[in-house]
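Let's take a walk through this protein.

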Amino acid sequence: MSRLTRVEGLLYGGDYNPEQWPEEVWQEDAALMREAGVSLATVGVFSWARLQPGPDAWDFGWFDRLLDLLHAHGIAVDLATATASPPAWLVRAHPDVLPVTADGVRLEFGSRQHYCPSSPVYRNAALTLTRKLAERYGDHPALALWHVHNEYGDHVTECFCPRSADHFRAWLRDRYGTVDGLNHAWGTGFWSQRYGTYDEIEPPRTAPGPVNPTQLLDWRRFCSDALLGLHRAERAVLAEITPDVPATTNFMSMFKPLDYWKWAAHEDFVSDDAYPDPADPEAHVTASLNYDLMRSLKQGTPWLLMEQAPSAVSWRPVNVPKKPGLQRLWSLQAVARGADGVLYFQWRASRAGAEKYHSALLPHGGTASRGWRETVRFGAELARLAEVAGSRVTADVAIVLDWDAWWALEADDHPSARMRWPELLRPWYAALHARGVTIDFVPPHADPTRYRAVLAPNLHLLRTADAARLTSYVRDGGHLVCGPFSGVVDEHDHIHDGGAPGPLADLLGLRVDEFWPVPDGDRVRLASGAEATLWTEWIEPTTAAVHDSYATGPLAGQPAVTRNQAGEGAAWYLSCHLPDAVGDVLDRAHRAAGRGRGPDAGGPGAAQDAAYAQKSRMIRGGVGPAIAYCVSRTDTAPVDGVRCAAVPLPPTQP
Ligand code: GLA
């Protein structure tokens, strides 16, 4: 039995949108799904207008027939609550369901996700629909999983209407109690921004100049929480009526607007939609990073690749298809990084609508197409890997990810607008990926003691308690490598007393004297030959030893990279962004750590091999090593269609 649902093995299937097709086609679909080895179909994602054609009109007959048909073909259903695209009659009767932008523009009907997260009308309608579906299908034998809503925040992450303003004020009252508390947190002594009552506060709509940064930070927190509130409300209905049916909502990889640490706590398991770009030669690294995050969000438990494209998407300026074999390679990559299933958007290619050029498991060309042949071949292959389901991938190096820090880092009016979390993180992750080191992500409040090394490419916002936890971790023998512009502000986005690195000053053994961002296009050389872009800092070591210095630019001769021995462990600091050389610093940190708890202490690839060996132990007989090899090497293999076909296949007859 799979760990995710009652369906055994690794899940295989995708979004099925039956309302786009006459019922005769459903028969063919069900038969072909069976032929392809589909075990789970996601249905109903955009069915609201068909299921509820009017305020008091319900039409479930066609949906009953559909679920019965799928069940008769042995296909389990991931049933959507269908709430992501409210019908026209609802928004015409209640125009304030439609969301409003920061400039006051009300977004029109005619796409999807056209709802204000704080609209009581939308919420009630969505919960009524969820309840109806749960009551009607809760006992249906096809039901294996609830697909709550769809991609929260995909198009609309915030709404600035008066209802949202009321909701924001209530959220702020909960957070701060008195308005004085808010005035302090928001630093409203600045620019005469003091509030006398909560009623005077509005969302950060378009204003004449820079908006209060703490107001913006709280707005981001609020917007993530507002959507989470909707999600939890749907979850509560499902939990009441079908307590034994698992539920998940599809995340969108490392997505800035939603704090997925908070969200994941409300999922039975994490699921993700991932669309690496076949035109990007480094797309497999991006995918790997996102999959490691998905696995980490619920502490290493198996997750589900809910959506990916069988070949091209339709929403990039140029939509390059996947070369033969590439979807197989990237699917196995997800499995290797902990996914217990591979699903796609979508089953049958649409003939109308905004996504008619999006690839599908069953392309427009039908069963005569290359895509269909791959669909069938991969379904059979995944079935042979069934025993991988439920096994764990483990890592002993962690990267700290904090949405609050991400939001604070990317606020306006900073020393440089170029310091963006994905760009700062990427070289660190890529260096470890190239060295075969498996990575977990952890939130800043996690206990890091089980990791040999903790990496913090950036912790711009850092709470004192989290800094204290990192300090104890290092003093007890851990190794921390910290990137620039960290420990600068507290949870209210106020600069820490004494400036950066704030509560990390003793641990890192230094103070930052001044930030020296690098102008666009410039590079600063270090004594080691490494080159910095974007950012440098004038630092003053107190107890830290200097491991590298600036050789060119205004800081020539000043320290750039330091290491501070603290108790049994060590804390490294990079005062600059090293897009190509951060791996060398991590290697140095590793060497200096000896065979203790430094990064990759077992030698290159040791952590990853151990993790995959663990997966392979799940496989009985002589098949294990072949599958483990196949799975473990997929995401480091070149992204070339011909070469990837050379990745060894597990034997067909175990
Ligand atoms: C997302 C959505 C799907 C579809 C795909 C297209 O993942 O959830 O409904 O729009 O994108 O790539």
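Contact here means heavy atoms within 4.5 Å. Val512 sits in strand E14, residues 510–517 (strands are DSSP runs of at least two residues, E, numbered from the N terminus). Its relative accessible area is 11%, so Val512 counts as buried (under 20%, with a 1.4 Å probe and protein chains only). Tyr291 is 221 residues from Val512 in sequence, and their C-alpha atoms are 35 Å apart.

A word on what you're looking at: this is a predicted model, where local features need pLDDT of at least 70, side-chain atom pairs count only at pLDDT 80 or more, and totals for chains, interfaces and linings use all residues. Residues are numbered from 1 along each chain as its sequence is written, and side-chain values use heavy atoms, without hydrogens or water.

Now zoom out. The chain splits into domain 1 (11–160 + 224–388), domain 2 (162–216) and domain 3 (397–604), with bounds from an automatic or database domain assignment. Domain 1 and domain 2 have their C-alpha centres 36 Å apart. Where do they meet? Ten residues of domain 1 are in contact with nine of domain 2. About 840 Å² is buried between domain 1 and domain 2, 49% of it from carbon and sulfur atoms; buried area is the accessible area (1.4 Å probe) that two parts lose on being put together, summed over both. On the domain 1 side, Ala102, Ser118 and Phe160 lose the most area to domain 2, together 53% of what that side buries.

Technical notes
Helices (H or I, at least four residues) and strands (E, at least two) are DSSP runs, numbered from the N terminus. Buried means under 20% relative accessible area, exposed over 50%, partly exposed in between (1.4 Å probe, protein chains only).
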